[in-house]
Amino acid sequence: MSDREKIFRRIRNSAVIKNPLLFEAVGLCPVVAIAVSLRSAVYLAVITAMQMIVCEVLASGLLKNVRRYLRVALYFVFGIAIIYPIMYLTNRFIPFVSVNLGIYLPLMAVNSLVALHCERIAVKNTVKNSFVDAVSASLSYGAVTVVTGSFRELLGNGTICGFDIHLPVKVSALLLPFGGLIILGFASAVLKSFIVRRYPEESPDKSFDTSEIRRSLRGSFKDLMNDDFNPYGDSDAEVKQESAFDLARKNRDKKVKKLMKPVKKDNIKNRKQEAKIAESTAEKASRNAYVSEFTVILEELEEYKKTYEAQKNSETQNDGGEEE
Amino acid sequence: MSIFLQLISASLYTMLFQNLIFSGGYGISEAVRMSAKPRQLLPLAVFITYFSTTVSAICVLLDRISVIHKTDEMLHAVIFSGVLSAVYMLTMSAVRLYGKVKPRTIRRIGISAFNTLVLAVPFINYRSAFTVVEAIGSGLGAGIAFVIAVLLINSGLKKLDANHSVPKCFKGTPALFIYTALLSLAFSGLSGLSSSL
């Protein structure tokens, strides 16, 4: 598969088949609450896109080696760093939009869509792939937001982009979260039927796993805490395959680290003796690990030799056949 | 007695009359997603209640300082976010001190701390000028509102899953959204149209 095809497949997956809003039910709060007009929907889509792109690129470039619990807090900090200046500028220059958005604008700093994509894709992929994912996910999110906002404004207010359409009936309830959810429901059904026709091999239902809905919610707190919990799901990350050489090196490092750990005992003599023993055993372990590495290399060389000889034999046989 | 009544009335107001999830849309993604995983309800509800109550109480206490009280909503937003981050980091440090933390616990705490429901509570307290007791009640109410929302959506999800007359293209999230929309309309009836807009 060429690079172009890979990128196209990635965009198709994150924008259509795994649409974050319609099939994964992520980032619903701002759409349901504030996408009540075309203008606010566009505003929301632009802010989300900015936040997504910046957070995913930063997460991919800087946060791969940061611990998970710190990463989650850092996504929030990035969100604040993006949203609050926008909030300040909106308050100052377009106060009517600011009034419409209310407290939902600062709440966008904790957008679950951003955290999900950063954890699922950005920290396991290259910056380029994370950027492509951020752009496609935010485009699909923006498109759904704009459609929802337009319908709600049209049917709920009888206007579109502020212009009165003079509709005979207005359904004001559509301006409530109810309206957002019901439009998302119908939009999800339309997109699902399109996917079933266009890509019959794909199933959007996989994005929202309902296999556990009948499990009992009762149990001791300890048991419930021990249940597996992975809201970020499986990733389509390009994780590097570890070779036998890497594994041997990793095992050696682990052993050495374990043996070199300081011994917690008050007796100094014992500590010194144990440190000496630990050092000697660590040396032995590292030597053994080097030997095992070396044997792995030798085995690989043997394999190469065999395949090379086999290739050479087949080539000479072919040459003999052609000469005959 | 009056303190107890204040606590109860504030929590009832947050979980029923102004159900933050259905009437306000706060934390609706988490409620919808967790409705498909009922085993996660209790741990998440405990963590969400802990974060919403703690952050809510601390923010109201901080707002009593005159310098902070005089600032505008923008600076209040920064303070609320700072309090949430600080409570999260302190909680994580405490949990890590207690022993080896499993990745699933870290995920649970992360999702419980950083969601719109928990961050919305101090904003609502600030706008409603709640006292400390009312703020605690509002934090508790937010946690209970989350439990109510997940239980209601989960029961609907089970029925929708078993119903074979639902059209194929509406199976899954489309039907779930429409069902949640109807629940939301019902709760908006309790809070009133004008107050939610």
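Because the model is predicted, local features need pLDDT of at least 70 and side-chain atom pairs count only at pLDDT 80 or more, while totals for chains, interfaces and linings use all residues. Residues are numbered from 1 along each chain as its sequence is written, chains are lettered from A and ligands numbered from 1 in the order in which they are written, and side-chain values use heavy atoms, with hydrogens and water left out.

Chain A first. Its secondary structure comes to 12 helices and two strands, where helices (H or I, at least four residues) and strands (E, at least two) are DSSP runs numbered from the N terminus. Read from the N terminus, the order in chain A is α-α-α-α-α-α-α-α-β-β-α-α-α-α. Of the 324 residues of chain A, 43% are buried; here buried means under 20% relative accessible area, exposed over 50%, and partly exposed in between, with a 1.4 Å probe and protein chains only. Chain A exposes about 18,700 Å², and carbon and sulfur atoms supply 58% of that area. Accessible areas come from the Shrake-Rupley method with a 1.4 Å probe, and for residues only the protein chains shown count as cover. As for contacts (heavy atoms within 4.5 Å), residues 24 or more positions apart account for 73% of those in chain A with a separation of 6 or more.

Now for helix pairs. In chain A, the axes of α3 (residues 38-62) and α8 (residues 127-157) come within 8 Å and cross at roughly 165°. Axes are lines fitted to C-alpha atoms, for helices over the stretch in contact, and angles run from 0 to 180 degrees between N-to-C directions. Angles under 35 degrees count as roughly parallel, over 145 as roughly antiparallel, 65 to 115 as roughly perpendicular and the rest as oblique. So α3(A) and α8(A) are roughly antiparallel to each other. Their crossing is right-handed; a crossing gets that label if the near helix is turned clockwise from the far one by less than a right angle, and is left-handed if anticlockwise. Sorted by class, the contact of α3(A) with α8(A) has 16 nonpolar, nine polar and three charged residues. In that sorting, Ala, Val, Leu, Ile, Met, Phe, Trp, Tyr, Cys and Pro count as nonpolar, Asp, Glu, Lys and Arg as charged, and the others, Gly among them, as polar.

Helix α7 (residues 112-120) of chain A is mostly covered, with eight of its nine residues buried. The buried residues of α7(A) are Ser112(A), Leu113(A), Val114(A), Leu116(A), His117(A), Cys118(A), Glu119(A) and Arg120(A). They pack against α3, α4 (68-93) and α8 of chain A, together with α2 (28-35) of chain B.

Over in chain B, the axes of α5 (residues 73-98) and α6 (residues 103-113) come within 11 Å and cross at roughly 165°. That makes α5(B) roughly antiparallel to α6(B), and the crossing of the pair is right-handed. On the α5(B) side, Leu84(B), Tyr88(B), Met92(B) and Val95(B) meet Ile106(B), Ile109(B), Gly110(B) and Ala113(B) of α6(B). By class, this contact divides into seven nonpolar residues, one polar and no charged.

Another pair in chain B is α1 (residues 2-17) with α8 (residues 132-162), which pack at an angle of about 40° with their axes 7 Å apart. That makes α1(B) oblique to α8(B). The crossing of α1(B) and α8(B) is right-handed, and the residues of their contact divide into 10 nonpolar, six polar and one charged.

Leu183(B) sits in helix α9 (residues 173-191) of chain B and is buried, with a relative accessible area of 13%. Leaving out residues up to four places away in sequence, Leu183(B) touches Phe22(B), Leu152(B) and Ile153(B). From Leu97(B), Leu183(B) is 86 residues apart in sequence and 42 Å apart in space, C-alpha to C-alpha.

Ala25(A) has phi near 55°, a positive value in a residue other than glycine. Ala25(A) lies in the loop between α1 (3-17) and α2 (28-34) of chain A, and at 0% relative accessibility it counts as buried. Ala129(B) also has a positive phi, near 55°, and lies in the loop between α7 (116-128) and α8 of chain B. Ala129(B), though, is exposed, with a relative accessible area of 63%.
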